[in-house]
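Subject: Structure handover and notes

Dear colleague,

I am passing the structure below on to you, together with my notes on it. Please read them with the coordinates open beside you.

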Amino acid sequence: MLPAVDAVLRSWPYDPSLWITLAICAAIYLRGWHILSRRDPTRWHAAQPLSFLGGLLALFLALGSPLEPFTSLLLQAHMAQHLLLVMVAPPLLWLAAPFFPLLRGWPAQLRSLLAPLLRSTTLHRLFARLTHPIGAGLLFFLTTWSWHLPALYELALTSPRWHYFQHACFLVSGLLFWYPVVRPYPAKPTWSKWLLVPYLILTDVQNTALSALLSFSDEPWYPHYAAMPRLVGSVIDDQIAAGVLMWVPGSIAYLVPLFLIGLQLLFPQAAARPGQTKPRRIALPLVDSSEQGLVRQWKETARSPLPLIPEPSPARGVGRSHGSPLPKGRGVRGKGVRKPRWDLLRVPILGNFLRWQFARPLLQLTLLVLAVVVMLDGWLGPPITPLNLAGVLPWIHWRGLLVFSLFALGNVFCYGCPFLLPRTLARRWLPASRPWPRWLRNKWPAIVLFALFLWAYEAFALWDRPGATACLALAYFLTAFVIDGIFRHASFCKFVCPIGQFNFVTSLVSPTELAIRERSACDSCTTKDCIRGSSNSPGCELALYLPRKQGNMDCTLCLDCVHACPHDNIELRGRLPASELWSDPQRSGLGRFSQRPDLAVLVLLFVFGAFANAGGMIAPVVDWQDALTDKLGWSSPLPLVTAFYVVAVGLPTFLLLFTSRKYVFSLVPLGTAMWFSHYCFHFFTSYEVVIPALQRVAFDLGWYAQAPTWVCSCCALVPAWLIRAEILALEFGLLLSLYTAWRVADRSPIKTTPYAILIIALFILGVWILLQPMQMRGTMMG
Amino acid sequence: MPTVRACLALLLLSPLLYADGGQLRWTEERYGLRVSVFTSPTPPTVGLLDVSVLVQDANGKVRLGVPIRVRAIPRQQPSRVIEAMASTELATNKLLQSAHLELDRPGPWRLLVEVESVAFEGEILIEEAPESWWELLPWLTWPFVVIGLFVLKIFLQSANPRSSPASK
């Protein structure tokens with residue numbers, strides 16, 4: 001392959017937000033389509049997801065392929081990009097009939113939030129007008145011609161924001177243009193299909209005219225491309241190629257559907273396949289441009305709790321409601337018929353691994369080896385943070401991966417906790433028979449340790465002391481060993497471990513939860529092995545009885561209950577993050593959250609600790625602390641750090657605990673998001689620091705002869721996407737916290753308002769912190 | 001309904017539709033080398049500056065893998081030099097080679113691009129960095145659109161009590 005061609009093919013832009021967004025869209029669609037296709041396979045066939053994925057692929061090729069970096073150098077590349085956005089992606093997306101699958105793919109709670117908005121007749125009328133051939137055609141014509149005017153095109157080429165707007169215009173006008181042509185289900189246009197013939201012919205004529213003007217012009221239209229270095233041919237050649245690209249594939253894109261529609265109109269009998277039954281239509285007022293019909297349908301629709309889900313097939317034994325052709329919502333689902341949930345333990349490979357008896361010991365052993373290496377390097381290695389594994393791995397990598405796994409999966413760290421492996425082995429000889437003292441059966445010991453840790457981390461710069469980090473890890477091992485060697489069950493995890501408490505609170509917003517599959521199996525179970533244990537497993541040592549367990553609090557995800565259950569009745573199911581906070585049920589092993597002041601304090605410490613921990617390392621706070629220390633003539637920053645934590649964490653905790661204990665749990669999503677954003681910042685800017693640290697260890701041991709690549713010890717530059725991702729995480733935390741407060745306030749806007757103000761104020765504080773220069777701790781620059 | 005979905009889709013897609021493209025600073029041909037220098041961001045601001053260089057021969061054929069050194073010198077302080085070697089690893093478009101320079105002050109800077117011992121020189125005006133929040137305004141405001149829609153939803157629900165959960 002020619003080197004230049006090879007270089008072009010390797011020019012893939014790096015934009016994780018593109019992949020993530022497309023993956024989310026695909027996941028939502030596929031989930032919705034999967035549910036719908038099980039109910040009505042004649043309507044929802046396999047070609048639809050293929051078409052949708054094809055549409056997303058077209059978007060990806062337009063925006064995330066080697067085409068993108070060449071759009072500013074070659075007009076033909078830019079034209080190809082626009083054609084993908086206008087002529088390829090929209091029809092493919094519409095052919096997938098995306099309305100219902102995209103809606104059905106969302107969790108029910110989010111769908112019900114949108115329902116009143118989606119019933120709005122004003123929106124329906126507007127959409128009907130925009131997708132009428134006259135409206136859509138005019139809009140398409142105006143968009144195409146105006147954006148090809150040299151002044152506007154140049155504007156887009158010189159301003160990223162206008163360029164973004166140009167692409168948005170093309171995509172939206174393309175979607176609106178192709179809607180009447182494809183008429184995706186449940187479109188029900190009232191205008192004659194014959195209207196599509198002039199619609200497509202006129203569009204092709206304007207496309208031909210524009211491309212001919214471009215191709216036959218002797219002058220370059222766009223000065224930007226005239227100034228660019230020429231990669232292939234002259235600027236006029238490039239312009240001709242762009243014009244031809246617009247002309248030929250463009251005409252094909254308009255004439256092929258015109259031909260097919262013409263055939264359908266002229267030979268309607270031949271167009272229908274023999275033996276094909278017409279799928280049922282659901283009378284939804286999506287695109288009916290007849291206003292009277294639309295209002296009538298809407299009134300019928302509004303009587304149903306959630307008129308957005310196609311009706312289950314009668315063959316499945318679920319009948320229609322009051323003779324209406326409208327679909328049924330969740331409220332009409334028969335009792336005892338439980339909706340199948342997504343179960344991580346049933347996922348191939350990963351599920352099998354998790355259910356494997358030795359999966360946990362294997363993970364624990366791996367982490368134990370890592371912990372031992374970190375401790376040894378902390379004591380024996382150089383006391384320079386970025387060169388020492390104890391200065392790098394726990395504070396940059398472990399923390400980043402911890403919050404990421406909690407957000408993405410669940411309490412994975414407690415599952416593989418290395419501190420428990422020695423105690424598990426030692427329990428063969430130690431008694432572990434005494435009950436944990438009754439007066440300590442709460443979170444207060446862990447709260448004190450958690451608060452001490454937060455304070456000590458800043459006051460004694462633990463992150464900058466590899467030896468102290470190693471000692472801390474050893475202390476952890478010893479404490480776990482002693483406590484669990486004396487007291488029975490998992491007393492250390494439940495009542496003492498501050499990392500565990502951090503994980504418990506964070507896992508309240510995790511997307512998975514251990515729960516029972518079928519209630520009846522538990523009702524008939526006589527052995528209760530999930531709590532009492534069996535020969536296979538000790539059962540839940542944290543006193544969480546699965547049939548009464550609610551949510552993730554205190555769950556270490558050890559899966560002992562799964563291994564113990566003789567009925568295989570426990571699943572690790574998907575759920576909406578934070579949904580367990582929307583009500584306050586009696587929870588096994590915990591009681592009600594609202595009646596647990598220790599839990600409220602733990603949550604407040606967690607939330608305000610997130611802001612204080614991140615705030616303590618931003619430039620304005622550090623400068624202010626330094627200036628004040630100098631002014632007061634103190635030799636140590638210790639008193640000021642202490643005062644900072646008292647004011648930033650202690651004071652709000654005290655105030656909120658005594659004013660609104662019930663509502664403090666609504667702050668958890670925002671606090672979690674703050675921890676996540678903060679730790680992800682350090683992880684993504686400093687993950688390479690581990691390379692020279694590992695090389696240094698290998699060099700010291702004589703396994704590596706070259707000098708470590710010290711350049712990696714300096715943190716990487718902060719990529720633009722990272723700050724956006726951090727803010728995005730914080731924004732999801734904000735919305736989830738606001739929604740949780742609204743639910744805790746029994747959906748009362750008046751009761752919610754004060755807490756909404758507090759949450760928004762904390763969000764603004766969080767954004768301000770994230771936008772400040774932050775110390776790159778653990779790196780040479782830290 | 002579809003309009004709302006379209007808005008949501010736009011919200012989701014907003015970061016994707018951004019097109020890249022550094023600004024062409026100058027093109028110069030000497031000793032059989034044609035060098036084009038691009039900079040990003042546009043306009044260049046205090047902070048990280050991406051300098052991308054395209055090297056072609058006199059016939060326009062792209063020359064890959066040529067060692068390129070990039071230097072930036074502030075006009076007000078000629079003794080100070082910030083330099084870096086360009087590489088294809090840092091460039092998205094692999095026909096180009098990029099170097100990252102951390103420029104810490106606004107004002108005019110000399111930009112020297114050295115290709116095979118041939119120096120190509122240009123000037124670049126570095127502006128003050130805009131406030132971060134202003135750059136991120138679209139990212140910061142979308143949740144408030146969602147909150148507004150939610151409030152509207154509550155309003156519509158209260159206007160039509162039959163659809164509210166309490167009425168069921």
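The notes below go from the overall picture of chain A to its cysteines, one of its helices and some of its loops, and then to a sheet in chain B.

Please keep in mind throughout that this is a predicted model, and that the values given here were computed from it.

Chain A as a whole

Chain A is built from 35 helices and two strands. Of its 782 residues, 56% count as buried, and the chain exposes about 34,200 Å², of which carbon and sulfur atoms supply 69%. If one takes the contacts in chain A between residues at least 6 apart in sequence, 78% of them join residues at least 24 apart.

Cysteines

The count of disulfides over all chains comes to zero. For A:Cys414, the closest cysteine sulfur is that of A:Cys417, and because the two sulfur atoms are 6.2 Å apart, they are too far from each other for a bond. A:Cys497 is likewise in no disulfide, the nearest cysteine sulfur being that of A:Cys417 at 6.3 Å. Both A:Cys414, at 9% relative accessibility, and A:Cys497, with a relative accessible area of 8%, count as buried.

Helix H22 of chain A

Helix H22 of chain A covers residues 444-459, and its 16 residues reach 22 Å from the first C-alpha to the last, which is close to the 22 Å expected at 1.5 Å a residue. The buried residues of this helix include A:Pro445, A:Ala446, A:Ile447, A:Phe450 and A:Leu454, and, towards the end of the residue range, A:Ala456, A:Tyr457, A:Glu458 and A:Ala459. Which helices do the buried residues of H22(A) pack against? They pack against helix H19 (389-408), helix H24 (491-496), helix H25 (498-506), helix H29 (597-615), helix H31 (638-659) and helix H32 (668-686) of chain A. Just after H22(A), A:Ala461 takes a positive phi of about 45°.

Loops of chain A

Two further residues of chain A deserve a look for their backbone angles. A:His489, in the loop between helix H23 (466-486) and H24 of chain A, has a phi near 60°, a positive value in a residue other than glycine, and it is partly exposed, with a relative accessible area of 44%. A:Leu559, in the loop between helix H27 (529-532) and helix H28 (560-564) of chain A, has a positive phi of about 65° although it is not a glycine, and at 1% relative accessibility A:Leu559 counts as buried.

The loop between H27 and H28 of chain A also holds A:Arg548, which is exposed, with a relative accessible area of 55%. A:Arg548 and A:Arg587 are 39 residues apart in sequence, yet their C-alpha atoms are 6.3 Å apart in space. Leaving aside residues up to four places away in sequence, A:Arg548 touches A:Gln586, A:Arg587 and A:Ser588.

Cis peptide bonds

In chain A, a cis peptide bond joins A:Tyr185 and A:Pro186, with omega about 10°, and A:Pro186 is placed in the loop between helix H11 (160-182) and helix H12 (196-216). In chain B, the peptide bond from B:Ser40 to B:Pro41 is cis, with omega near 10°, and B:Pro41 is found in the loop between strand E2 (33-40) and strand E3 (47-57).

A sheet in chain B

Four strands of chain B form an open sheet in the order E5-E4-E7-E8, with antiparallel pairing. Its edge strands are E5 (82-85) and E8 (118-126), each of which pairs on one side only, and the twist averages 20° from one strand to the next. Strand E4 (residues 68-74) and E5(B) pair in the antiparallel sense over four bridges, and the bridge partner of B:Ala72 in E5(B) is B:Ile82. Strand E7 (residues 107-115) of chain B is joined to E8(B) by nine bridges, again antiparallel, and the bridge partner of B:Val115 in E8(B) is B:Val118.

In a regular strand the side chains alternate between the two faces of the sheet.

Notes: Residues are numbered from 1 along each chain as its sequence is written. Chains are lettered from A and ligands numbered from 1 in the order in which they are written. This is a predicted model: local features need pLDDT of at least 70, side-chain atom pairs count only at pLDDT 80 or more; totals for chains, interfaces and linings use all residues. Side-chain values use heavy atoms; hydrogens and water are left out. Buried means under 20% relative accessible area, exposed over 50%, partly exposed in between (1.4 Å probe, protein chains only). Contact means heavy atoms within 4.5 Å. Accessible areas come from the Shrake-Rupley method with a 1.4 Å probe; for residues, only the protein chains shown count as cover. A disulfide is a pair of cysteine sulfur atoms within 2.5 Å. Two strands pair if DSSP finds at least two bridges between them. Axes are lines fitted to C-alpha atoms, for helices over the stretch in contact, and angles run from 0 to 180 degrees between N-to-C directions. The expected span of a helix is 1.5 Å times one less than its number of residues.
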